[in-house]
Amino acid sequence: MTAAAQKRTPLYDEHVRLGAKMIPFGDWLMPVQYSGIVDEHQAVRNNVGVFDISHMGQLVASGAGAGEWLNRMLTNNVEKLDVHSGQYTFLLNQNGGIIDDLIVYRTAPDEFLLVVNASRTDEDFTWLRSHIAPGVELQNRSDRYAGLAIQGPRVAELFRALFGATFELPARNTIAAADLNTMPLAIARTGYTGEDGVEIFFESKYAPAIWTTILEKGKALGIRPCGLGARDTLRLEMCYPLNGNDLTPEHNPLEAGLGFFVDLTKPNFTGREILAQAKEHGLKRRLAPFRMQGKTPPPRPHYAVFRDGERLAEVSSGTASPSLGYGIGMAYLPIEHAKIGTALEIEIRGQKFPAVIEKKPLYKKP
Amino acid sequence: MNVPDDLRYTESHEWVRVEGENARIGITDHAQAELTDVVFVELPQVGKQVNAREATAVVESVKAASDIYAPIKGTIVEVNKALESNPALINTDPFGEGWIFALKMDSADAVNQLKDAAAYRQQIS
């Protein structure tokens, strides 16, 4: 990872101005924290927080055959999407392994927006291009668009402060257009934190003005700029998977416990046969959420997971949970060791600490 | 950033308070501000012999585990048990209640090789 390879979002100067600690994240230089992970995490759980997600990729598929084609490329059923609706879905390789997890929105009858992980954008684009069908056009608009995730129980209040007292957020999993002081936005009611929230997308040139306006209007609501650190603790408390950690080409969505987003009744999509067989023969392993018991160091990715002294797996995601006050994580365990209530040990610096498998989500709103 | 004049400092952001033949050790205000939110501290065993620059304790923030190095060669004589129940003392009072361990120095002269407050201030500026 060289310094020269690091891309900056259009909000880089804003992050530095706010005193963010910047770290490399894939090819990008991103804020990991501003005021502190716990403070930012609590702002999202209790008030509202704003994250720069400009690094995420935007691909647009259009043309008369776009829906039918995407339905063969993605696991969820695109045909179920009305115009302005979105769904969580997977892009798989021929072996049923996960290339990427993404959200696809139907923005017009024959036009779809795919919001994909930053580190997978080029790979997704190349893969999709190499499988393109006649009459479908695919564009990578990632460099033209910036984005923010605005998350927390006070997000609706914030948007009324921004757009006026009668403003209504789009319904969950839908996307709508709106102008903020003449700057056009796409507003999608979705998120990665377990709180109410939106992700908004707009042309990169508007990014500093939109960011600043949101922070100013949000001040009275306790808004905080939030970094990747809080994004990780918030999503892991909900057991939302992180691409690269919990989702890789070595895993399929069924093992990840995300079969809900795989429509095996569709006649054909990449990876379908393998997933159907895996389901028929029974899964071999499963992504299991766990919590540490008692006072322990926090679990972290790659720590070894044991049961009764036998090494079973590595932690795929792990952290100290700010909402719960103990360590939490996830690991792919052999199916016979993945039941709720199973006692595990996590090895941390040569010492084994007790943990137990829990139901997801690990955090439930009080 | 608070850098008390009466302490000595290391490149790796530990502070040292000389108390007779013992040295009390913690991490600086600058270090705790960089880490934020300390959630766990792993303390050394009393009686353990440590070399200068040997990893001796671990401070864990939400994001990462950081080694804390012994600034001076010696034997651990005391550890701050209060950190086991309240690791955030490192954030709230890094030079006081948030101390981590104390060691009996093999040679008190070693302190003179550490940075003084002015030199450490320059390092973090």
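These legends walk through close-up views of a predicted model. Residues are numbered from 1 along each chain as its sequence is written, with chains lettered from A in the order in which they are written. Local features need pLDDT of at least 70 and side-chain atom pairs pLDDT 80 or more, while totals for chains, interfaces and linings use all residues; side-chain values use heavy atoms, without hydrogens and water.

**View 1. Helix H6 of chain A.** This helix (a DSSP run of H or I with at least four residues) covers residues 207-218, twelve in number. From first C-alpha to last, H6 reaches 16 Å, close to the 16 Å expected (1.5 Å times one less than its number of residues). Look for A:Trp211 and A:Ile214, which are among its buried residues (under 20% relative accessible area, 1.4 Å probe, protein chains only).

**View 2. Where chain B meets chain A.** Here 16 residues of chain B are in contact with 16 of chain A (heavy atoms within 4.5 Å). About 1300 Å² is buried between the two chains, with carbon and sulfur atoms giving 52% (accessible area lost on being put together, 1.4 Å probe, summed over both). On the chain B side, B:Phe40, B:Val62 and B:Lys63 lose the most area to chain A, together 42% of what that side buries.

**View 3. Salt bridges across the interface.** The rule finds four salt bridges between chains B and A (a side-chain nitrogen of Lys or Arg within 4 Å of a carboxyl oxygen of Asp or Glu). One to find is B:Glu60 with A:Arg300, whose closest N and O atoms are 2.6 Å apart.

Key. Helices (H or I, at least four residues) and strands (E, at least two) are DSSP runs, numbered from the N terminus. Buried means under 20% relative accessible area, exposed over 50%, partly exposed in between (1.4 Å probe, protein chains only).
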